[in-house]
Amino acid sequence: MGLNFIATFQDADYTRRYLEKGKCFVLSDGKKLIGTVFYYTKMWDDAPEIFKDKDTVLFGKFAVLPELQGLGLGSRLLDFIEAHARENGKSRIVLDTSEKADHLIDYYEKRGYKYVHHWQWPEVNYRSVVMSKELT
Ligand SMILES: CC(C)(COP(=O)(O)OP(=O)(O)OC[C@H]1O[C@@H](n2cnc3c(N)ncnc32)[C@H](O)[C@@H]1OP(=O)(O)O)[C@@H](O)C(=O)NCCC(=O)NCCS
């Protein structure tokens, strides 16, 4: 789609440094990594205000190996990260994605995420939408 999501090209050093910002959970088949999701525990100052709310947590770096997509693994990762947020006392979980990624926005809406506002990160070639879900 021509969207330069940082996760599609970040190198190992970037990933290593990124681990200071939170916890990276991975899904494995015992031999290789087949999925990831990142739970942020530190937030940077110029992030959207909702990301900084103490009752809110951001997830990102969400992906499943292309040949294993569409099998429900992504939904299992989201079930896991939402449960982890609840266990850590969070009442809301948020994400951002490209406003052009209709298929992702549909997917998140089906899971109960709602549009909050648009956002422009300086590093990327698309405008984002921030979406949130109340955790009950
Ligand atoms: C987004 C992503 C992590 C979802 O993981 P997944 O394992 O494919 O998701 P699921 O199997 O749980 O499927 C989610 C829904 O999308 C549909 N879907 C997923 N991949 C599909 C595909 N390749 N073709 C058709 N439908 C697909 C599923 O049918 C399902 O719909 P349903 O809930 O109505 O049945 C995965 O598709 C991915 O890695 N995409 C590339 C990276 C990306 O865009 N990450 C998100 C950045 S914000």
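Predicted model: local features only at pLDDT ≥ 70, side-chain atom pairs only at ≥ 80, totals over all residues.
Figure 1. K52 is partly exposed, with a relative accessible area of 34%. Its side chain meets that of E49 in a salt bridge, 3.1 Å from N to O. E49 is exposed, at 61% relative accessible area. Side chains of opposite charge can pair when their charged atoms come close.

**Figure 2. A salt bridge between D55 and K54.** The N to O distance between these side chains is 3.4 Å. D55 is partly exposed, with 30% relative accessibility. K54 is exposed, and its relative accessible area is 66%. Elsewhere, salt bridges with shared partners link D79, E82, R111 and K133 into one network. The structure holds nine salt bridges.

**Figure 3. K32 paired with D29.** Their side chains form a salt bridge of 3.1 Å, N to O. K32 is partly exposed at 41% relative accessibility. D29 is also partly exposed, with a relative accessible area of 41%.

**Figure 4. The shell around the ligand.** Nine nonpolar, six polar and one charged residues make up this shell. Of the 16 residues around the ligand, F62, G72, G74, S75 and K110 come nearest. Helix α4 gives the largest share, four residues. β3 (56-64) and α3 (73-87) each supply at least two.

Figure 5. Taken alone, the ligand exposes 920 Å², and the protein buries 59% of that.

Notes:
Residues numbered from 1 in each chain as written. Heavy atoms only, no water. Near = heavy atom within 4 Å. Areas by Shrake-Rupley, 256 points an atom, 1.4 Å probe, with all protein chains shown as cover. Nonpolar A, V, L, I, M, F, W, Y, C, P; charged D, E, K, R; others polar. Salt bridge = Lys/Arg side-chain N within 4 Å of Asp/Glu carboxyl O. Buried < 20%, exposed > 50% of the residue type's maximum accessible area, 1.4 Å probe, protein only.
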